[in-house]
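User: I would like to learn how to read a few features of a structure, one at a time. Could you give me the general idea first and then the case at hand?

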Amino acid sequence: MEPIAVVGIAGRLPGAATIEQFWRNQRDGVESVTRFSPQQLADAGWPADMVAHPDYVPAAAVIEDADHFDAEFFGYSREQAEISDPQQRIFAETVWHALEDTGHDPARFDGAVGVYAGQFANKYLPLNLLANARFRGSLSAFSARPYNDKDFLATRAAYLCDLRGPAMTVQSACSTSLVAIHLACQALLGHECDMALAGGVALPVPLIGGYPVVAGGIFARDGHCRPFDAASSGTVPGYGVTVVALRRLSDALADNDNIRALILGSALNNDGSAKFGFNAPSMQAQAEVIATAHAVAGVPSETIGYIEAHGTGTPLGDPIELAGLTKAFNTKERGYCAIGSTKANIGHLDAAAGAAGLARAVLALEHGEIPPSINYDAPNPALLLDRTPFYVPTTARPWPRGATPRRAGVSAFAVGGTNAHVVLQEAPAPAPRAAEPHTRDRQLLVLSARTGKALADAATNLADRLERQDDLDLADVAHTLQVGRRAFPHRRHLVCRDRTEAIAALRALAQPGAVDTTGDVTARQVVFMFPGSTTHRPDAAAIHRSEPAFAQEIDRCAELARPLLGYDPRALLFPSTWDGPQPSHHDPRGTAAAAFILQWSLAQLWQSWGVRPAAMIGEGDGEYVAACLAGVIDLADALDVTIAGADIRARAGAHGVLDTHAAEFAAKVARHALKPPQVPYICAATGTWTGPEDAVEPAHWARRLREPSRLAEGLRELAGEPGRILLEMGPGSTPTDTVARQDTAKQPVALPSLPPADGNRSDHAALLDAVGTLWRSTVDIDWEAFRGTSRPRRVSLPGYPFQRSRYWIGPDSGSYEPLGLEEASWTSRS
């Protein structure tokens, strides 16, 4: 089968608010189990007599602020947030982060995105809401089920994140999330969707707590999970959520996705009844599901270097699991494959356990390092470990490649007998970066959020990541932010030369008060301004080198103008780099042609990036560019008219007979086919819109030679329509300056495309700043076109900084009465 690429991971796990922190904890052997004081447990609602019982263990692997949620981000009212199971809330946030980790915005993703997931039993509705009289007496009681029932976990996330593929809630107890991952892979292979989010969530209520040690139960007497250890007595409750994003490998490669690992194959089965009881595991069924996954993946067991085991640390379960693995591996090789379980670090996450284990294995492959198995001193003798292919690593160790790529297996087995196994392989090495002739000397970073505080937090988080991960390429970061993030109302952009400059700019943006969006402009229309030849600024060589769309138009126009001038106008456009024949003297015809070509090519570059003019205005012979762009005259004829007009203007200036020469110019224009404009533009000679009759009348064109400019009047006409942003196809000269001098309450924003000749900004700094300013003004940019011929990679960056508040309805009594509390004894020891 085609491999499935893991292209994103997100999670909130014990001791780790992010997947990056989760990996650091795994690598460093951190146990994220919390022991609670009697007061903490009483405050959470645990009955005092239960907490005081000698068989009660006050330990669990919990997550912080599980009762908090960013309701505003998802459009929830306070009431909706308060009646929603925290599992649904935290799962939706994690799905959003997993999508962001892929570098794809689902609103722009070309395909269907599916959701496959499951959750722990809903305790919030029966223990909190129904135990609250205010809730029971409110209308909310009639609408609470879709916010709580397991059925709605996947569909709620699909609704909140606007995902159109299959959305399926999966339930199989402890193997739930690995089963969901298997089903997501099958859906991708069957082309039911083109990306799939799969995982699980487990948040018992109360959100902190311990557990009673019950005879025959799975929980450890000492509050420590010790997989495969001689002193193991069970597991520890774990809380949290993990979601992985999956794509077909061919699609992930085509989109330059950040591939963390590959799923080569997976399998499911059930124990049936051939075991001691419903709750008991089956060695034979476990061996069969693992062997089937190996067969599907098409890999020999000798090539697998790590197993992320179910590993609950129970005296019965661990030996059965190792026996099943040994039978499935069916090899005489001994002690070559590491085995471990993240339950030692974060407890047993029930429905989310399999996805958390898969995340650990994926990260081990990605980092080329096998994490240590903590709480392990000596093997459980029943394992017969020295007779198996496995060993338990007690320290982190490098995972070198052998004759085959690194491979790992992940198991999840459930009460009730539904078993799942997944075979993973390290990601293919990224294709070497091709030598890129079109390289910008700056990068444009764009950040947005729903609130100013979230925007500042996003800047801080990105700066932290750039400081911590020095192998991030800034072009990849910029591209990921552009194409892989939803654009929210509060926006900022940064133009940076390198990582050091980017970190400094992000730190400045994160300062208190730095994000003030009260003066931001929301643009409804973009107006192109063409300044003419009187303010022409030569030498946009850097743009010509790095922007193929611009260079293509420059070269096209130069070939059209060369026979009209008798030399190549690129000699005037790029004097510092041009090594061909130079014009013998200053020629106003060449200056006019060069100005036309520069402005035309800038306009085409902007349009290739998705920025199209709703209207235009031209100063001087810049009006010819506007007319050409509006479809009044074709490109070759517009260049001919521009050059002729410059020649006539020069001769008229020498002889003082402008009227005669204006008639000559009108006759020149009359030789060309003229059509009504397809885009409205203002004539600077009249200060008002060019009508269809004017556009095709040669005498109208001649007026521009003999009448004074009314540019200011034309700009005032443009300012009459609110929400316009004026973009100058040049270095910010007469039109931009005129806008800045206008004294009007409705003064529009004017942006230059290039810096002035006497400035110290690079061409790219000014051009990218204009792109960023337009994006801040809510103008849509075609970011895929913006990258040009370069092939930046999508990279993993910090997710949206949710602005969470507490949403919680508790029982009126303030405490919970767990089932079984009335029993005098929980264990045989008691």
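User: Is Phe488 buried or exposed?

Analyst: Before the answer, note that this is a predicted model, in which local features need pLDDT of at least 70 and side-chain atom pairs count only at pLDDT 80 or more, while totals for chains, interfaces and linings use all residues. Residues are numbered from 1 along each chain as its sequence is written, and side-chain values use heavy atoms, with hydrogens and water left out. A residue is called buried under 20% relative accessible area, exposed over 50%, and partly exposed in between, using a 1.4 Å probe and protein chains only. Phe488 has a relative accessible area of 4%, so it is buried.

User: How is a pair of aromatic rings described?

Analyst: A pair of aromatic rings is described by the distance of the centres and the angle of the planes. Rings of Phe, Tyr and Trp (its six-membered ring) pair if their centres lie within 6.5 Å, and planes under 30 degrees apart count as stacked, over 60 as edge-to-face and the rest as tilted. By this rule there are 24 aromatic pairs. One of them joins Phe73 and Phe74, edge-to-face at 4.9 Å centre to centre with 75° between the planes, and both of these residues are buried. The rings of Phe73 and Phe488 have centres 5.4 Å apart and planes at 65°, so this pair is edge-to-face. It links distant parts of the chain, 415 residues apart, with Phe73 in the loop between strand S5 and helix H4, and Phe488 in the loop between helix H16 and strand S20; helices (H or I, at least four residues) and strands (E, at least two) are DSSP runs numbered from the N terminus.

User: Which residues form one aromatic cluster with Phe73?

Analyst: The cluster consists of Phe69, Phe73, Phe74, Tyr76, Trp96, Tyr147, Phe488, Tyr800 and Phe802.

User: Which charged end sits over the ring of Phe73?

Analyst: A charge sits over a ring if NZ of Lys or CZ of Arg is within 6 Å of the ring centre and within 35 degrees of the ring normal. Over the ring of Phe73 lies the charged end of Arg450, 5.0 Å from the ring centre, and the charged end of Arg440 sits over the ring of Phe786, 4.1 Å from its centre.

User: Where does Thr388 lie?

Analyst: Thr388 is in the loop between strand S14 and strand S15, and it counts as buried because its relative accessibility is 4%. A polar atom of the Thr388 side chain lies 3.1 Å from the backbone nitrogen of Phe390.

Note on methods. A polar contact is a pair of N or O atoms within 3.5 Å; within protein, one must be able to donate a hydrogen and the other to accept it, and residues adjacent in sequence count only if both atoms are side-chain atoms.
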